[in-house]
Amino acid sequence: MKRYWKRNKLILAVTLLLCTAAALMTTFVSLLLQQVTDTAVSGDMALFKKLLLFAVSYMIMLCLMNYFGSLASKLLVQRMTRQIRSDVYEGVMHQYPGEFYKTNTADYISSLINDVKIIEENYILPLLQSIEVIVMFVSTLVLLLALSPAVTGILLVTLLLMFAVPALMGKLLEKRQDAVSRQLAKFTEKTKDILSGFEVIRSYQLLPNMRMKFEEENKRTADCKFAADKVTALNEGLSDTLSYLCVVVVIFTSAFFVIKGSITMGTLMALLQLSGSFLTPVLLIMENLPKIKSVKPIVQRLCDLADTEIEAEQGRVPSFHREIAVSDLTFSYDGSLNALNHISLRFAKGKKYAVVGHSGCGKSTLIKVLSGYYKDYQGEIFYDEDPLSLLDTKNLGSILSILHQSVYLFNDTVRNNIALEGDFDKATWEQALEASGVSQFMALLEKGLNSPVGENGNRLSGGQRQRVALARALIRKAKVIILDEGTSALDPKTALEIESTLLTRQDLTLITITHSLNPALLSQYDQVIYMEDGSVKDMAAYEQLLENNPSFRNFCGV
Ligand code: ADP
Ligand code: MG
């Protein structure tokens with residue numbers, strides 16, 4: 001968190017300066033009060049008029065100081081929250097895909113929105129306010145001592161009592177605040193899950209069940225917040241009572257001294273005013289300290305997210321001129337069961353590979369590890385001469401494009417979903433649209449390429465979405481295209497056409513994970529890789545494999 005204060009040190013300095021000046025000016029109002037009261041008691045009209053004039057100009061100055069001080073602090077808050085949000089966003093987006101998917105996206109959204117808001121309200125603002133009131137406190141203490149050491153003594157004793165309260169309450173509030181933040185994240189996640197399941201919920205008549213689930217979580221969130229608020233209420237109640245008690249004690253003590261003739265009426269007024277501005281800062285600090293302490297876990301969580309970026313930043317630019325080689329690769333998701341077992345393979349540039357095997361045998365995992373989703377694998381993966389571990393995995397996209405079974409489309413037009421901010425000439429567009437099969441359904445859409453696809457592409461069919469995804473890869477002339485059941489939503493004829501087009505591209509390296517065991521198609525691949533239980537059982541041209549490997553024959557149902 002320190003770095004954010006440092007990054008804004010100029011505006012922080014201005015804020016502190018203005019707020020300090022305003023605090024000092026507020027304290028000195030009590031001296032004005034003393035003068036006016038004593039003047040009233042003595043009946044000096046000329047002095048009274050002079051004081052009035054002075055008071056008016058003093059108040060205008062004070063108003064300006066307060067305004068600019070407050071403005072500066074708001075500017076500071078605005079900048080800091082924006083920077084924190086940017087850093088968290090960067091951190092989240094720079095994670096390894098494997099890491100990224102470990103956390104629900106709703107949690108990230110909650111961090112960016114809820115947690116940053118909590119930090120603004122319970123950390124930045126209270127801290128700034130505390131600094132301002134400390135100045136107020138010190139200047140008041142000096143004035144008080146000058147006016148009446150006895151009253152100052154009484155005030156200090158009350159003060160000690162008041163400090164005991166937050167010390168007792170801080171830890172508890174910290175725990176409950178953290179629970180609130182966690183519960184909010186859960187609530188966001190649950191709500192997102194329910195909203196995303198809109199269609200399933202309607203078609204399976206789950207509305208009452210879901211309502212109950214939502215209400216349950218809603219209640220839990222409200223209860224959690226209330227549990228934290230109860231501690232805050234106790235804290236505030238105790239502090240307020242102590243502060244009233246203090247004012248009563250000060251009045252009686254000062255009145256006693258006035259009767260004895262040791263202080264004037266004016267001094268009584270000033271003491272009363274000062275004891276107010278002596279306690280207000282303490283009250284505020286007491287309210288703020290537990291708040292500031294309570295956000296520690298949240299600050300930690302945000303900083304952890306923001307720091308990911310720095311870790312993932314290094315690495316060489318990947319190259320692919322010859323081959324991608326996998327040597328004795330073993331990988332496990334949870335550290336116990338191996339999803340991949342001692343796999344060794346070579347994908348040569350320009351060749352075409354089909355990966356087949358039963359569902360769950362590790363085909364998708366192999367592709368993900370190969371393309372840098374995870375870093376905790378054993379064995380080696382080489383892009384030409386460079387081990388994957390030394391490469392900047394963020395840039396692997398310049399070499400390979402993976403098409404998953406489900407495609408994410410942004411809520412934008414077909415054109416923008418293919419171009420993705422890129423700029424391509426007319427010929428490239430035409431080629432990509434043709435080879436991906438997008439041109440086949442383009443004519444059916446009202447606005448052609450400029451038709452909107454809807455939220456996550458829900459205005460297109462599954463097969464159309466897959467074709468858009470393929471066009472994305474083709475228009476960038478990806479050197480390696482990996483289809484992870486990437487044509488599964490297409491009708492067999494279209495799938496065959498598209499795969500055949502890809503198979504004729506000389507310079508393209510194609511890795512297809514497929515469920516379709518169409519001999520006409522499989523025989524066009526240079527190699528068929530047959531996987532079983534996380535291992536590569538065999539790898540050869542289709543006919544050869546069929547001839548030599550009985551378990552592959554069995555798998556094909558021949
Ligand atoms: P497939 O060959 O069907 O593509 P996968 O590679 O997706 O198989 O899965 C291989 C094994 O790894 C399966 O047993 C699956 O349950 C497991 N698995 C896949 N993804 C994850 C994940 N993110 N976390 C934990 N286990 C996973
Ligand atoms: Mg799979």
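Reply: Start with Lys493 and Glu497. Their side chains form a salt bridge, with N and O 3.3 Å apart. This is a predicted model, so read every distance here as computed from predicted coordinates.

Both residues sit in helix H16, 4 residues apart, so about one helical turn separates them. How open is each partner to solvent? Lys493 has a relative accessible area of 60%, so it is exposed. Glu497 comes in at 35%, which makes it partly exposed. The cut-off for exposed is over 50%, and buried means under 20%. As for the pairing itself, side chains of opposite charge can pair when their charged atoms come close.

H16 spans residues 492-503, and it is one of the elements that the buried residues of helix H15 pack against. So move to H15 next. H15 covers residues 462-475, which is 14 residues. From first C-alpha to last it reaches 20 Å, close to the 20 Å expected at 1.5 Å a residue. Of those 14 residues, 12 are buried, so H15 is largely enclosed by the rest of the structure. The buried set includes Gly463, Gln464 and Gln466. Arg467 and Arg472 are buried in H15 as well. Among the others in this set are Val468, Leu470, Leu474 and Ile475.

What else do the buried residues of H15 pack against? Besides H16, the partners are strands S6 (400-403) and S7 (480-484), plus helices H12 (414-419), H13 (426-436) and H14 (438-442). After H15 comes Lys477, with a positive phi near 55°.

Thr413 has 16% relative accessibility, so it counts as buried. A polar atom of the Thr413 side chain lies 3.1 Å from the backbone nitrogen of Asn416. Leaving out residues up to four places away in sequence, Thr413 touches Leu449, Asn450, Ser451, Pro452 and Val453.

Now back to charge. The structure holds 19 salt bridges. Another one joins Arg211 to Glu215, with the closest N and O atoms 3.9 Å apart. These two are 4 residues apart in helix H8 (residues 207-260), so about one helical turn lies between them. Arg211 is exposed because its relative accessible area is 57%. Glu215, at 34%, counts as partly exposed. H8 itself has 54 residues and reaches 78 Å from first C-alpha to last, close to the 80 Å expected at 1.5 Å a residue. H8 is followed by Gly261, whose phi is positive, near 85°.

Arg301 forms a salt bridge with Asp115, the closest N and O atoms being 3.8 Å apart. This pair links distant parts of the chain, 186 residues apart. Arg301 belongs to helix H10 (residues 296-312), and Asp115 to helix H5 (residues 105-147). Are the two partners buried or exposed? Asp115 is at 3% relative accessibility, so it is buried. Arg301 is at 22%, so it is partly exposed. The pair also belongs to a network: salt bridges link Asp115, Asp178, Arg182 and Arg301.

Setting aside neighbours within four places in sequence, Glu132 is in contact with Cys19 and Ala23. For a sense of scale, Glu132 and His358 are 68 Å apart, C-alpha to C-alpha. In sequence, Glu132 and His358 are 226 residues apart.

Finish with a patch of another kind. Met45, Phe48, Leu52, Val56, Ile60, Leu64, Tyr67, Phe68 and Leu71 form a nonpolar patch on the surface. Together these residues have about 870 Å² of accessible area. Met45 is found in helix H3 (residues 45-93). At 52% relative accessibility, Met45 counts as exposed, because the cut-off is over 50%.

Methods: Residues are numbered from 1 along each chain as its sequence is written. Chains are lettered from A and ligands numbered from 1 in the order in which they are written. This is a predicted model: local features need pLDDT of at least 70, side-chain atom pairs count only at pLDDT 80 or more; totals for chains, interfaces and linings use all residues. Side-chain values use heavy atoms; hydrogens and water are left out. The expected span of a helix is 1.5 Å times one less than its number of residues. Buried means under 20% relative accessible area, exposed over 50%, partly exposed in between (1.4 Å probe, protein chains only). Contact means heavy atoms within 4.5 Å. A polar contact is a pair of N or O atoms within 3.5 Å; within protein, one must be able to donate a hydrogen and the other to accept it, and residues adjacent in sequence count only if both atoms are side-chain atoms. Patches are made of residues with over 30% relative accessible area and no salt bridge: like charges are joined within 9 Å, nonpolar side chains (Val, Leu, Ile, Met, Phe, Trp, Tyr) within 5 Å. Accessible areas come from the Shrake-Rupley method with a 1.4 Å probe; for residues, only the protein chains shown count as cover. A salt bridge is a side-chain nitrogen of Lys or Arg within 4 Å of a carboxyl oxygen of Asp or Glu.
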